[in-house]
Amino acid sequence: MAAKKKANKPTAAQQAKAAADAHHTVARNRRAFHDYHIDDRYEAGIALSGTEVKALRQGRASLIDGWVEIDGGQAWLQGVHIPEYAQGTWTNHAPRRKRRLLLHKQEIYRLGAKSRERGMTIVPLELYFVRGRAKVEIALARGKQEWDKRQALREKQDAREAQRAMSLRAHRE
């Protein structure tokens, strides 16, 4: 008789590692998808103070007014609101201070060159934790015209109506 193999049940250490490697989203910038055509995406680390990390772990941040600026060979995240940590003392951070992004030098040069083109900008899309490190997904983006925005909304609405019609048809049968 052949011996039966045990089901590969993950150990506690493997479960802890999987939980640590998980992607914990803090904030998304859905408005960026409405206002811009997204071209290239990059993942960058962020240099944060202790109270900023604690406020982010509570799930509090806003990327809506944020943008990235290339200055002196460094990338800076501007306009992102991370509220003050409630239990912080005099060491609390300023909510809208500029924060340094951690990117490779070649990525910074490439982003700087492309963002100097007419109509191009760099916007934050998502703020999240991976393995306990705060990361931000940034994108090189081109601004949309008003008619582009209306057309995108119309396409979403048409797709939603088609999906609704298909689901109603499936329920009748």
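How many bridges join S6 to S7? There are 10, and the two strands run antiparallel. Before we go on, note that this is a predicted model, in which local features need pLDDT of at least 70 and side-chain atom pairs count only at pLDDT 80 or more, while totals for chains, interfaces and linings use all residues. Residues are numbered from 1 along each chain as its sequence is written, and side-chain values use heavy atoms, with hydrogens and water left out.

Let us start with the strands. Strands (E, at least two residues) and helices (H or I, at least four) are DSSP runs, numbered from the N terminus. Two strands pair if DSSP finds at least two bridges between them. S6 and S7 form a hairpin with 2 residues between them, and Arg131 in the turn has a positive phi of about 55 degrees.

Now look at one residue of S7, Arg142. Arg142 counts as partly exposed because its relative accessibility is 39%; buried means under 20% relative accessible area, exposed over 50%, and partly exposed in between (1.4 Å probe, protein chains only). Arg142 and Met120 are 22 residues apart in sequence, yet 4.7 Å apart in space, C-alpha to C-alpha. Leaving aside neighbours within four places in sequence, Arg142 is in contact (heavy atoms within 4.5 Å) with Tyr36, His37, Asp39, Gly119 and Met120.

In helix H3 (residues 50-57), the buried residues are Thr51, Glu52, Ala55 and Leu56. They cover an arc of only 140 degrees around the axis, which puts them on the same side of H3; the arc is that of the directions from the helix axis to the C-beta atoms. An α-helix has 3.6 residues a turn, so residues three or four places apart point the same way. On the other side of H3, Gly50 and Arg57 are exposed. The buried residues of H3 pack against strands S1 (23-28), S5 (99-102), S6 (120-130) and S7 (133-143).

Helix H4 (residues 105-115) has Glu107, Ile108, Leu111 and Gly112 buried. Their arc of only 130 degrees around the axis puts them on the same side of H4, while the face turned away from that buried side carries the exposed residues Lys105 and Gln106. Among the elements that cover the buried residues of H4 are S2 (36-46), S6 and S7.
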